[in-house]
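Thanks for coming. Please bring up the model, and I will walk you through it.

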Amino acid sequence: MSGPLILAVETSCDETAVAILRGPGELLVSEISSQIKEHRKFGGVVPEVASRNHLAKIEPLILSAFGRSACSPAMLDCIAATRGPGLLTSLLVGHSAAKGLAIALGRPFIGVNHLEGHLLSPFFGTIDAPCRSVNLIVSGGHTLLVEIDDVGSYRLLGRTVDDASGEAFDKVAKLLGLPYPGGPEIDRLSKFGDPTRFDLPRSMSGSADFNFSFSGLKTAVRYLLPKLKGDFLADLCASFQEAVVDVLVRKTIRAAAVSGVKLVTVSGGVSCNSRLRFRIAKATDDAGFELKLAEPWLSTDNAAMIAYAAAERFARGYRSNLAEDADPNLSLV
Ligand code: KG4
Ligand code: ZN
């Protein structure tokens, strides 16, 4: 394969990640150094701990990516990094390191929106370039429905008005005494549970807009919990998960129908959820939409998706101004 060689860095939250990509499709290396163990003892991500870990790991990870891909800095055509949204002190580490590398090498720099990384990730490794579609982004920090027209041309259809879906998984898991991050734990336990045992709220599922709300569901679990006795954990996990998935699937299908697209895509950490994958596959099939799901290894935070978004932008002539800084509230649209 041919194409520009791009090194990308991702440090928006608690994963330090570096990837090197040739063109839009040949991934030479994707390294992720997870900090989950460090944050687990606090029950969630502690920004100060995250940025200190990024600082310690970023240089060895970049050197290791060069070593494993047999690439040298001089071979790079472009350097990219997540610019936002995310934790400012985490973003600053990766964004500054990548910008410094670009300046030292005299190469162009592209600051990538983390959400664009997730948004385009279902197209990575496929023969299709990003095209007209409705995409559900479900992660720890975000839940939104976005219509893609082309790379860089996005329309926000709806978003959560309170908690993100992954945040709801993590907070409910914490209430249940499960370790952080809670999404994979709830997914695992739900396989042994009855999703119909507890009738939990599906907030805003009937509203005409494409917004979501998950804080009422979390509160419903909090009030239900003290009343429960005996063996309820797997049933409660399955009932909670079903309530989240119900709303996500229903709104996504309706958004796709209203937008008149043929393709639905799903990305972000929560798109690893086995029940969501099963239900969205069935619903899109029933409604006659094509479906592209981000592969699980590309769904949680990684630098390959940032490199891919940068490659698509690089090919269209996009370059960032080096005066731009990391932005914790960077918006996608
Ligand atoms: O995309 P991501 O790595 O980080 C953000 O950009 O926020 O998403 C992390 C989120 C966490 O909330 C985690 O609990 C959730 O994705 N998650 C899952 C599953 N795997 C990860 N949620 C439900 N089911 C899963 N299997
Ligand atoms: Zn993410």
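Start at the ligand. A nitrogen atom of ligand 1 sits 2.9 Å from an N or O atom in the side chain of Asp 187. That is a polar contact, meaning a pair of N or O atoms within 3.5 Å; within protein, one must be able to donate a hydrogen and the other to accept it, and residues adjacent in sequence count only if both atoms are side-chain atoms. For Asp 301, a backbone N or O atom is 2.9 Å from an oxygen atom of ligand 1. For Gly 166, a backbone N or O atom is 3.2 Å from an oxygen atom of ligand 1. Taken alone, ligand 1 exposes 560 Å², and the protein buries 89% of that. Those areas are Shrake-Rupley values with a 1.4 Å probe; for residues, only the protein chains shown count as cover.

How many residues surround ligand 1? The number is 19, and the closest are Gly 140, Gly 141, Asp 170, Asp 187 and Asp 301. Near here means that a heavy atom of the residue lies within 4 Å of the molecule.

A word on ground rules. This is a predicted model, where local features need pLDDT of at least 70 and side-chain atom pairs count only at pLDDT 80 or more, while totals for chains, interfaces and linings use all residues. Residues are numbered from 1 along each chain as its sequence is written, chains are lettered from A and ligands numbered from 1 in the order written, and side-chain values use heavy atoms, with hydrogens and water left out.

Now helix H5, residues 165–175. Helices (H or I, at least four residues) and strands (E, at least two) are DSSP runs, numbered from the N terminus. The buried residues of H5 are Ser 165, Gly 166, Ala 168, Phe 169, Val 172 and Ala 173. They cover an arc of only 160° around the axis, so they sit on the same side of H5. The arc is taken over directions from the helix axis to the C-beta atoms. Buried means under 20% relative accessible area, exposed over 50%, partly exposed in between (1.4 Å probe, protein chains only). An α-helix has 3.6 residues a turn, so residues three or four places apart point the same way.

What do the buried residues of H5 pack against? Strands E6 (133–138) and E7 (143–150), plus helices H6 (182–190), H7 (215–224) and H8 (233–259). Contact means heavy atoms within 4.5 Å. After H5 comes Gly 177, with a positive phi near 75°.

Next, the largest nonpolar core, with 43 residues. Such a core is a set of buried Ala, Val, Leu, Ile, Met, Phe, Trp, Tyr and Cys residues joined through side-chain atoms within 4.5 Å. Leu 145, Ile 186, Leu 200, Leu 236, Phe 240, Leu 248 and Leu 276 touch the most other members. Two or more residues each come from E6, H5, H6, H7, H8, strand E9 (263–267) and helix H9 (274–287). H8 gives the most, with twelve. Take Phe 240: leaving out residues up to four places away in sequence, Phe 240 touches Ala 168, Phe 169, Val 172, Ile 186, Leu 200, Leu 217 and Val 221. There is a second, separate core of 33 residues, including Ala 8, Val 112, Leu 263 and Met 305.

The Gly 84 to Pro 85 peptide bond is cis, omega near -10°. Pro 85 is in the loop between strand E4 (78–84) and helix H3 (88–105). Tyr 180 to Pro 181 is also a cis peptide bond, omega near -5°. Pro 181 lies in the loop between H5 and H6.

Two non-glycines have positive phi. Ala 70 is at about 55°, in the loop between helix H2 (47–69) and E4. Ala 70 is exposed, at 63% relative accessible area. Met 204 is at about 65°, in the loop between H6 and H7. Met 204 is partly exposed, at 27%.

Back to Pro 85 for one last stop. Asp 327 contacts Arg 83, Gly 84, Pro 85 and Leu 91, leaving aside neighbours within four places in sequence. Asp 327 lies in the segment after helix H11 (304–315). Is Asp 327 buried or partly exposed? Partly exposed, at 25% relative accessible area.
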